[in-house]
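Visitor: Please show me the model, and then let us go through it by question and answer.

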Amino acid sequence: MQWNQASKALIASKTYHRASGSIFKHQTRLYSAPVAGSIPISKQKYVPTLGTYPKAFLASGIHVGVKASNTQFPDLALLASLTPCSAAAVFTKNKFQAAPVTVSRQVLERRSGEGVRAIIVNSGCANAVTGKGGLDDASAMASTVDSCLDQSEGSPAGASSTLVMSTGVIGQRLPISRILSAIPNAYSALSSTHTDWLLAARAICTTDTFPKLLSRTFSLPSSPGITYSLAGMTKGAGMIHPNMATLLGMLLTDAPIPAKTLQPLLAHAVDRSFNAISVDGDTSTNDTLAFLANGAAGGRPITSVDSEDGRAITEVVTSFTQQLSQLVIRDGEGATKFVRVRVINAPSFPDARKIASSIARSPLVKTALYGKDANWGRILCAIGYTDGLGPGAVVPEKTSVSFVPTEGGAALKLLVKGEPESVDEARAGMILEEEDLEILVDLGGGEGGAGKEEASYWFCDFSHVSTAHGLHTVGGVP
């Protein structure tokens, strides 16, 4: 059987393998991938069986063997448009920015966000902290895709039309000859089928236990008769904490959105999604989220995020990126809980977001949730040490904290306007037994009492497996 046929069969049965070290051989991992490699039963529901993908976009995922230990699974993904796209991206703020980050940023700058055709992604090696050779390798990946797309004419001098992403171990050079020789195969394999989109999503995975792929349709006020599509994929299970976007992610749509609109649209959505998740508090060297729009579905161009169409697409993309980013939390290394912390009645959105972030990244909160301990004092502690808040953002006498069961039922009040409640420990235990939980923090409007802003953050707990995995992945897997 040809490799591609074998991979598609494995995708269909959801039973592809991942490497595991001896540290996990005798552990049962309830929420992370079993040693045998099959997608955990609890996560199979997150892998789509169908999709609706944007017009004139194609995808492929093929096996290259970037890591010698990978002998059969996809590790090179190519996403391409039949027509030029507007493009925008957000990148890591880590000081050690990987070569693909630098190259992709240059592509967008030289093209002013227009005329981009493709995204090439490898897993298995991050191409980070690899010096000039790493930059040359990333540029070679882009130019090889350009050659396949016949982009030699009509481009600004020295401007590729391909964005590059890499993920894997830091500090190692890519097997670049192997990758470059495989890119024409990835181009030949491009397809619009759901199976090939899923193979592309699988090809960008590292420690992920399932491929993260979403798609949806929508309409716009100015063109109610046109059905637009939006697709997205992301990867990540560890090294997850925002300082721009998070991880690797790709968004693609056939709506007509110029680059000057696409960038602020992406920034708004990311601030409320990929910049509002945390697994372990680490921000990778390779974090990149790119958004391509080819306008293939037609309709009136969206020239401003403040227009009627602009507001509509902002709502669509923000909701979509929230759903996509939350799949990363569902796959957090060693996680057993999916937690939303919602801060309401804050004087400003930045205040609400900073407090939510402080709670989400607190190791004491995370370990308490893993231990099913309703220790709300740790939540208050995280609120209290939050840096950079405006004057009077937090007034202890106005602050309330509750656990909200996601399956319905009344909130369990822990603190009401600074006064502790008598907690029903049995009910608290029942709520904390569930996989999903919401922590609600009400700031009571702050010092002036008029605050109405809110923000949410999504995170997971810390378990003994989380710690063991951190010890196991020496070298880092961004």
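Visitor: Which element gives the most residues to the lining of the largest cavity?
Guide: This is a predicted model, in which local features need pLDDT of at least 70 and side-chain atom pairs count only at pLDDT 80 or more, while totals for chains, interfaces and linings use all residues. Residues are numbered from 1 along each chain as its sequence is written, and side-chain values use heavy atoms, with hydrogens and water left out. The elements that give two or more residues to the lining are α9 and α10 (376-384), helices being DSSP runs of H or I with at least four residues and strands runs of E with at least two, numbered from the N terminus. With 3 residues, the top contributor is α9.

Visitor: What is the volume of the largest cavity?
Guide: A cavity is a set of points on a 1 Å grid over the protein atoms alone where a 1.4 Å probe fits but cannot get out; lining residues have an atom within 4 Å of a point. Grid points are joined across faces, edges and corners, and the volume is the space filled by probe spheres set on the points. The search of the whole structure finds 1 cavity of 30 Å³ or more. Its volume is about 40 Å³.

Visitor: Which residues line the largest cavity?
Guide: By class, the lining divides into 5 nonpolar, 1 polar and 2 charged residues. Nonpolar covers Ala, Val, Leu, Ile, Met, Phe, Trp, Tyr, Cys and Pro, charged covers Asp, Glu, Lys and Arg, and the others, Gly among them, are polar. The residues are V365, A368, L369, D373, N375, R378, I379 and F403.

Visitor: Which strands stand at the edges of the sheet?
Guide: The open sheet has 7 strands in the order β8-β15-β10-β14-β11-β12-β13, with mixed pairing; two strands pair if DSSP finds at least two bridges between them. Each edge strand has a single partner, so one side of each is left without a neighbour in the sheet. These strands are β8 (277-278) and β13 (419-420).

Visitor: At what angle to β15 does α9 run?
Guide: Helix α9 (residues 363-370) packs on the sheet and touches β8, β10, β14 and β15, contact meaning heavy atoms within 4.5 Å. Axes are lines fitted to C-alpha atoms, for helices over the stretch in contact, with angles from 0 to 180 degrees between N-to-C directions. The angle is about 60°.

Methods: 1 Å grid on protein atoms, 1.4 Å probe; cavity = no way out; pocket = protein on both sides within 12 Å on 5 of 7 lines; lining within 4 Å.
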